[in-house]
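Thank you all for coming.

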Amino acid sequence: FIDTANKKGSESDFNSLKRKHFYDLADSYFKKATDKEKSDKLTEAIQSYNTGKDYAEKSDNKKIQSNSITRIAICHLKNQDSISLDNISEIEKSDANYQRELYYRYAIQLLKNTYSAFLLISRSGKKMVLFRWYMPY
């Protein structure tokens with residue numbers, strides 16, 4: 001409706017109204033996503049965070065945009081998916097608590113993936129020796 005209104009002189013009013021509408025939608029989708037995440041419905045939460053992020057971009061709602069990017073990454077980590085930190089500049093703009101949770105979960109994932117406890121078995125006669133090998137990073 002807002003996009004089809006053609007009254008001269010009120011374009012800025014409509015643009016302002018549209019931006020506010022998108023701002024509110026971004027906030028609403030973010031709250032919906034956090035509820036889904038708390039219910040352990042991570043796929044649905046990711047979808048809602050993405051929708052909220054899209055509306056946040058349209059409304060210049062930087063807080064929701066950054067927080068959504070961070071929460072999406074957290075959901076992926078909770079889902080045991082691997083992530084990249086390509087959006088580190090956006091993550092650094094998110095709430096400090098979200099950053100801490102993300103980096104904690106990411107560190108745990110890295111430890112699980114890089115702690116390669118290869119048990120090497122050396123057989124010298126009947127004697128077996130077990131070695132643990134850690135991949136340093």
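This is a predicted model: local features need pLDDT of at least 70, side-chain atom pairs count only at pLDDT 80 or more; totals for chains, interfaces and linings use all residues.

**Aromatic pairs and loops**

Four aromatic pairs are counted here, where rings of Phe, Tyr and Trp (its six-membered ring) pair if their centres lie within 6.5 Å, with planes under 30 degrees apart called stacked, over 60 edge-to-face and the rest tilted. One of them joins Phe22 and Tyr55, whose ring centres are 5.5 Å apart and whose planes meet at 25 degrees, so this pair is stacked. That pair links distant parts of the chain, since Phe22 belongs to helix 1 and Tyr55 to helix 2, 33 residues apart; helices are DSSP runs of H or I with at least four residues, numbered from the N terminus.

Residues are numbered from 1 along each chain as its sequence is written, and side-chain values use heavy atoms, leaving out hydrogens and water.

Staying with Phe22, ring pairs link this residue, Tyr29 and Tyr55 into a cluster. Phe22 is buried, with a relative accessible area of 16%, where buried means under 20%, exposed over 50% and partly exposed in between, for a 1.4 Å probe and protein chains only. Lys58 lies over the face of Phe22, at 5.2 Å from the ring centre, a charge being over a ring if NZ of Lys or CZ of Arg is within 6 Å of the ring centre and within 35 degrees of the ring normal.

Turning to the loops, Asp40, between helix 1 (11–38) and helix 2 (42–59), has a positive phi of about 65 degrees although it is not a glycine.

Key:
Helices (H or I, at least four residues) and strands (E, at least two) are DSSP runs, numbered from the N terminus.
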